[in-house]
Amino acid sequence: MSVPVNLGRAVAKSDEIYPLQASRFYPKEQWYVGAYKSELVEGQTLARTIFGERVIFFRGEGGKATAVSNLCVHRFMPLDEGKIVDGRLVCPYHGYAYGEDGRCVHVPTGGAPSPHARLRHYPVREDGPFVWIWTGSVEGAGEVDIPDLTDIGLSDASDGWTTAVAERLHMQARAPLLVDNLFDLSHIAFIHVDSLPGAGGLAMIPPMFDRKSDRFRVGRYVPNFVAKPDTVIGDTMPMIVGQPVYAALLTDFYSPAVINSSGPWANELVDGDQPGESIAKLNFVHLITPETENSTHYFNVVTRDYHPDDESLSARLIAQTDRVRREDVGWLEQIEKIADRMSAKGEISSKADEGSLKVRRHLRSIIEAELAVSAAE
Amino acid sequence: MSVPVNLGRAVAKSDEIYPLQASRFYPKEQWYVGAYKSELVEGQTLARTIFGERVIFFRGEGGKATAVSNLCVHRFMPLDEGKIVDGRLVCPYHGYAYGEDGRCVHVPTGGAPSPHARLRHYPVREDGPFVWIWTGSVEGAGEVDIPDLTDIGLSDASDGWTTAVAERLHMQARAPLLVDNLFDLSHIAFIHVDSLPGAGGLAMIPPMFDRKSDRFRVGRYVPNFVAKPDTVIGDTMPMIVGQPVYAALLTDFYSPAVINSSGPWANELVDGDQPGESIAKLNFVHLITPETENSTHYFNVVTRDYHPDDESLSARLIAQTDRVRREDVGWLEQIEKIADRMSAKGEISSKADEGSLKVRRHLRSIIEAELAVSAAE
Amino acid sequence: MSVPVNLGRAVAKSDEIYPLQASRFYPKEQWYVGAYKSELVEGQTLARTIFGERVIFFRGEGGKATAVSNLCVHRFMPLDEGKIVDGRLVCPYHGYAYGEDGRCVHVPTGGAPSPHARLRHYPVREDGPFVWIWTGSVEGAGEVDIPDLTDIGLSDASDGWTTAVAERLHMQARAPLLVDNLFDLSHIAFIHVDSLPGAGGLAMIPPMFDRKSDRFRVGRYVPNFVAKPDTVIGDTMPMIVGQPVYAALLTDFYSPAVINSSGPWANELVDGDQPGESIAKLNFVHLITPETENSTHYFNVVTRDYHPDDESLSARLIAQTDRVRREDVGWLEQIEKIADRMSAKGEISSKADEGSLKVRRHLRSIIEAELAVSAAE
């Protein structure tokens with residue numbers, strides 16, 4: 001566990017309000033979660049808008065996940081209700097059939113399909129419980145990897161983790177509002193006062209900022225934390241009830257697509273106020289996929305490195321994260337409704353907003369770098 | 001009662017169609033009814049859009065009504081579901097607290113609030129059954145008073161009046177359509193033929209125009225009116241049933257916010273055709289508050305100077321005014337739906353439209369004066 | 001029956017995508033079906049938007065159908081709920097009354113109506129089961145006749161035909177999508193696979209193109225067709241079950257307002273593969289009336305020259321056409337939803353699209369001719 005430092009003072013400037021860039025509302029040269037693996041059933045289509053584009057997922061020959069543009073090149077019919085026949089996507093209108101790579105391979109009325117008859121094909125990867133999709137340029141896909149989530153139990157290479165998959169929520173609000181929300185925990189004392197009783201106090205602990213290489217971390221550290229039995233933490237981390245531990249409430253930015261909130265991590269207490277060996281780790285992992293400029297797919301999984309067979313615990317964790325996420329979504333949608341007023345009025349920040357302002361600047365630098373590359377090309 | 005004169009001939013010009021001014025759809029340097037006093041409960045917020053601005057009303061320390069802009073300066077959260085704690089308005093997201101004057105007085109994560117952290121404060125006055133709000137410029141508020149409604153029983157200074165408060169209706173139509181409606185009573189014979197049986201005949205009496213100082217009055221006078229027992233008027237003004245009186249159906253423009261329709265006023269009959277002492281006065285007072293350019297809050301109270309303890313009479317008057325108003329609202333909303341066609345086609349008026357055309361011109365002169373002042377500043 | 005020729009090869013160009021002309025989305029100097037005669041009941045109004053204009057139909061003195069613009073010239077009230085009194089249309093707001101020709105003939109508050117007080121009058125004709133309306137310029141109405149539908153049993157001059165009238169469907173999609181649909185029967189094997197079982201094979205027969213004077217015909221010909229008893233065709237044309245006939249599945253373009261799909265026509269078989277005398281004719285006649293640029297009234301009648309008294313047959317034919325039409329409407333509405341993407345992407349056609357591409361070009365030439373005339377005027 002790295003050494004946290006105190007947060008400095010920050011005030012938002014007018015150009016730090018959403019969208020952070022007029023020409024691109026969120027980083028695009030990225031891998032995003034397009035679907036849970038479990039959503040993609042062989043023989044069925046899955047239509048979803050991602051970063052403003054209508055995409056259709058399906059499993060081709062051998063069950064391999066693929067994603068293509070959702071609009072038949074013949075007469076513009078959406079392919080939502082296309083049939084999958086022998087791993088090919090068949091248009092419901094006149095029966096044009098497409099292969100995994102988007103090429104038209106059959107026209108029922110006869111003749112060879114035109115070589116121009118092809119749907120856009122999107123790079124897709126399956127890892128952990130996710131189907132990842134690349135939303136950026138064709139060239140970029142090969143140079144960037146999907147975010148490495150091994151240390152929170154979400155890659156095929158992870159070991160010793162138990163994963164509980166929560167429902168995908170649809171949020172009628174722009175993605176950066178969710179980033180803000182996740183990096184300013186002081187809202188727990190207000191929005192989640194009923195669903196996370198007692199957690200408000202922890203959230204009010206002054207946050208520490210810790211930039212590790214290319215990842216942002218905002219943490220709240222409690223060197224002498226004692227969990228009580230009838231609390232949210234006591235219920236979900238029973239092994240630390242009644243004993244003092246070093247607790248860390250961390251918010252980690254893995255990529256624009258992934259933010260992890262530890263729930264918390266508990267370490268042994270050494271020398272009265274220092275972290276020792278890890279006792280237990282709990283993670284609420286937030287997968288953020290822009291649907292459009294003003295709406296977001298909000299995937300979520302809970303991972304832990306203890307009690308792998310406790311299905312009741314998994315169920316309680318899912319219930320907890322869904323209750324909390326629905327509250328957040330409801331409130332962020334209130335902000336989105338008045339988003340046209342954001343630019344008209346200044347935003348006033350305080351010391352506690354340091355983390356969310358820093359991550360906004362980081363998001364903006366990612367966008368700026370993306371735009372610089374595409375301008376140079 | 002002043003001397004009425006015959007109405008002249010009027011034809012609408014193309015620039016007399018709504019909105020009367022492209023840059024301002026209705027007078028703005030005005031006091032409007034923001035709410036009934038009874039709507040504003042201590043410890044609760046009341047969110048309402050007025051003249052296109054999102055306003056939130058609440059009662060501060062000591063119960064005093066106040067109104068501020070409805071958007072937290074921290075992260076743009078609407079304050080509709082804010083809590084009132086000790087007379088302060090608390091944002092539901094991160095708990096920023098605001099005083100009656102809109103200043104931020106508390107930030108839960110600590111530190112003194114920025115002096116720039118303040119909501120816009122709107123001048124507010126309580127009088128009669130109303131909470132009035134000033135929608136104009138900051139300078140204008142001190143120079144203009146709320147409309148004087150003493151003579152129709154609607155100020156704290158009124159005496160001898162009984163008031164019945166009707167429901168606020170929300171009308172999806174621009175305010176001037178309601179002004180038009182109230183000044184052309186000939187629609188009673190059509191729209192209200194079932195709810196005001198027999199009143200159509202009165203409404204068809206040629207109207208007289210009477211401009212008193214800065215107030216417009218359009219009146220219909222019946223020098224030898226005899227109310228029958230089983231009519232709307234006979235039921236609500238029982239003291240004039242069977243005896244000839246001088247009846248006056250008046251439409252009085254108090255301000256862009258207030259129009260009164262007498263229901264009627266009954267005077268003793270003198271010299272066979274002249275008005276003598278007042279017998280009874282009944283008023284249907286229309287309080288018009290623009291919500292947006294295309295929608296309107298429609299408040300309404302019925303006042304009378306007789307039978308103060310007759311609660312059944314109050315209930316019947318409220319039932320009558322609500323039935324009539326719902327009919328008007330329904331039809332005006334039909335016009336609003338096709339409002340984009342108003343400018344494309346000429347409007348053709350007849351002699352009976354004199355009153356509404358004159359009041360339109362008056363409204364426009366008020367708007368022009370407002371714009372001239374703001375241009376000079 | 002004329003001699004069909006093989007279809008050539010066609011590829012759509014980017015300017016052949018809808019709308020075919022930016023300035024006019026469909027031919028306008030035309031007669032369209034405004035209503036079924038049966039919809040127009042004496043003493044009632046029928047409000048309908050046609051080619052973007054709000055029209056109100058009613059029957060004037062003597063029951064004659066008429067159509068006028070649906071907006072009172074006095075205060076812009078829509079006339080949907082106007083009353084018909086003595087063959088006059090009375091505005092529900094202040095009672096202005098209009099005659100069959102749209103002239104205001106009465107103002108309740110008195111005085112002679114202004115000569116400028118008139119609604120736009122649309123030319124109207126009644127023929128067959130239809131009320132036709134002219135949507136073009138005033139000059140054009142006299143020069144063009146309603147489409148001659150005598151040979152498919154739909155004019156007052158038709159003889160020996162039985163007509164079954166189907167429900168008017170409202171389609172939230174542009175009219176040309178329906179034209180496309182009707183001229184490319186290969187969709188039967190996909191969209192209608194369940195409602196027209198077995199018909200997919202017929203639809204896949206290569207179409208032949210036959211331009212007769214000013215009418216387009218795309219046909220599919222089966223020289224040795226044997227209907228089976230338990231099929232759609234066997235059920236509705238029982239006289240041809242079990243005997244070989246020359247069957248013709250024809251799609252005939254009568255005007256932008258009328259397309260007929262034979263269902264089929266059966267002729268005697270001569271010389272093993274030539275058509276002889278007609279045995280029976282069945283027609284599904286599609287009446288296409290643009291409501292707006294993006295929505296369409298879809299009228300439909302089924303006519304046949306056999307079994308005039310078989311009401312059960314009429315009922316089965318209506319059930320069949322309504323099932324099929326609802327399927328088409330549902331799918332075309334899917335395309336309309338993404339219509340903003342039509343221009344962004346190329347459309348790729350195959351040999352089977354020849355008919356629909358030719359009729360598109362014909363539609364465009366009609367529009368171009370209309371615009372050339374109006375530019376010259």
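In which strand of chain A does A:Pro264 lie? I looked it up and found A:Pro264 in strand 18 of chain A, residues 258–270.

**Ground rules.** I am working with a predicted model, where local features need pLDDT of at least 70, side-chain atom pairs count only at pLDDT 80 or more, and totals for chains, interfaces and linings use all residues. Residues are numbered from 1 along each chain as its sequence is written, chains are lettered from A and ligands numbered from 1 in the order in which they are written, and side-chain values use heavy atoms, leaving out hydrogens and water.

**Cis bonds.** The bond joining A:Gly263 and A:Pro264 is cis, with omega about -10 degrees. B:Pro264 sits in strand 18 of chain B, residues 258–270.

**Positive phi.** Then I turned to phi, which is negative for most residues other than glycine. A:Phe51 has a positive phi near 50 degrees, and I located A:Phe51 in the loop between strand 3 (46–50) and strand 4 (53–59) of chain A.

A:Asp271 is not a glycine, yet its phi is positive, about 55 degrees. I found A:Asp271 in the loop between strand 18 and strand 19 (274–292) of chain A. With 69% relative accessibility, A:Asp271 counts as exposed (over 50%).

Methods:
Helix = DSSP H or I, 4+ residues; strand = E, 2+ residues; numbered from the N terminus. Buried < 20%, exposed > 50% of the residue type's maximum accessible area, 1.4 Å probe, protein only.
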